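Hi,

Here's the model I said I'd pass along.

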Amino acid sequence: MVAAPGENMRVNGDRLWDSLMDMAKIGPGIAGGNNRQTLTDSDAEGRSLFRTWCEDAGLTLGIDKMGTMFATRPGTDPDALPVYVGSHLDTQPTGGKYDGVLGVLGALEVVRTMNDLGIKTKHPIVVTNWTNEEGARFAPAMLASGVFAGVHTLEYAYERKDPEGKTFGDELKRIGWVGDEQVGARKMHAYFEYHIEQGPILEVENKQIGVVTHCQGLWWLEFTLTGREAHTGSTPMNMRVNAGLAMSRIIEMVQTVAMENQPGAVGGVGQVFFTPNSRNVLPGKVVFTVDIRSPDQAKLDGMRARIEKEAPDICEALGVGCAIEAIGHFAPVTFDPTLVSRVRGAAERLGYSHMNLISGAGHDACWAAKVAPTTMVMCPCVGGLSHNEAEDISKEWAAAGADVLFHAVVETAEIVV
């Protein structure tokens, strides 16, 4: 039986909140959130601040060739594998102050609190900042953790391009965060990730803690539709080859497919590029990404198959060319039952209301689960809003989740008396 820390042990919620607010000053958005996209100058600045905080906490920093940051607090057993705890510091173009960042700084607060309390553990603890979790600038999402888990090659990652044609490898080098560690060489005893829910369930159910048991799977399907540029005013309706119209019908079809697979399925489109993107020119090309998700692998694959079958028929009827590429995928994940039980037990010992959750979003934990026992802790967010500058949580929610994270991590790392 692994000993759990005492019920009176809590993190410093004020310090955690101050760290969140200080990080939010870097890469500010235009409406109160953040635009700290991966491998930008703002990302580099945020990394530098995080490095300073880690050094101040007595941690030793390692960086791999994907730029992922690993800050280690040593354990008492030199042969014991580390417990990794983390998330990501990069944001969406119009992101909030907490998505990902709470998990990194919550992990840092765990070791700061251990320092305050003089706690020693058998296993080292590694605070982790994964590179390019969001996938907003370089698709696919969770790129660095995917390379770490062997899902992608380093070469594949380095060749990813942003909308301006800049490659991941060149931009990582430009901001000066290419490490020398081989990606995936590190071995994990366990991995924990703390995150805002990014959905409304915890707030609606009035629960402080989400005990994450599963993460739903995902397909990202990138469509390239080819029509014919023409004047919107002088081209007769029956003579148009309208890629935009084809896109709109595909989006409606995706909505229908998702609704017919309820419950436990979602689908939609969040990114569209028109060419030439002029008010009075029908688009000659439209590129957009369909995002479908489900915790049921068979349902997820069935949705993909139906969308890929029906979309070309829609386009053919309009004379529009259609190419489809799967640019992102991960299978549904079942998190480690022992670690899930430790999260649940921590919430109960600390007196926090809690419930089981299936994560609707993808996280680095999804790839970490391929190489080590893994689980997640979640706290509510106001209105379930995320990937939005209006994303919001309370200081009390942040501290409660960090308390649970602290207890579960320290229990897993094994306290040395």
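Before the rest, the ground rules. This is a predicted model, where local features need pLDDT of at least 70 and side-chain atom pairs count only at pLDDT 80 or more, while totals for chains, interfaces and linings use all residues. Residues are numbered from 1 along each chain as its sequence is written, and side-chain values use heavy atoms, with hydrogens and water left out.

Back to Thr-374. Its relative accessible area is 1%, so it is buried (buried means under 20% relative accessible area, exposed over 50%, partly exposed in between, with a 1.4 Å probe and protein chains only). Its contacts (heavy atoms within 4.5 Å), not counting residues up to four places away in sequence, include Tyr-191, Phe-335 and Ala-368. The side chain of Thr-374 also reaches the backbone oxygen of Ala-368 at 3.5 Å. Along the chain Thr-374 and Glu-193 are 181 residues apart, yet 8.2 Å separates their C-alpha atoms.

Next, the annotated site. The unreviewed UniProt entry has a "binding site" annotation on His-88, Asp-99 and His-195; UniProt positions are in the numbering used here, feature names are shortened, and annotations may be inferred rather than shown by experiment. Those residues are spread over 108 residues of sequence but cluster in space, with a largest C-alpha distance of 9.8 Å.

His-88 is in the loop between strand S3 (83–87) and helix H3 (101–117), and Asp-99 is in the loop between S3 and H3 too. His-88 has a relative accessible area of 0%, so it is buried; Asp-99, at 4%, also counts as buried. Their side chains make a polar contact of 3.4 Å. By that I mean a pair of N or O atoms within 3.5 Å; within protein, one must be able to donate a hydrogen and the other to accept it, and residues adjacent in sequence count only if both atoms are side-chain atoms. His-195 is among the residues that His-88 touches, and Asp-99 touches His-195 as well.

Then the domains. An automatic or database domain assignment divides the protein chain into domain 1 (13–215 + 332–416) and domain 2 (218–330). The contact takes 15 residues from domain 1 and 11 residues from domain 2. The C-alpha centres lie 33 Å apart. About 890 Å² is buried between the domains, 72% of it from carbon and sulfur atoms; buried area is the accessible area (1.4 Å probe) that two parts lose on being put together, summed over both. On the domain 1 side, Pro-140, Pro-332 and Trp-367 lose the most area to domain 2, together 42% of what that side buries.

How many salt bridges does the rule find across this interface? It finds 0, taking a salt bridge as a side-chain nitrogen of Lys or Arg within 4 Å of a carboxyl oxygen of Asp or Glu. For polar contacts across the interface, the rule finds 1 residue pair, both at pLDDT 80 or more.

Last, Gln-216, in the loop between strand S7 (209–215) and strand S8 (217–226). Gln-216 counts as buried at 11% relative accessibility. A polar atom of its side chain lies 2.8 Å from the backbone oxygen of Gly-360, and Gln-216 also touches residues including Arg-293, Phe-330 and Pro-332.

Cheers

Methods
Helices (H or I, at least four residues) and strands (E, at least two) are DSSP runs, numbered from the N terminus.
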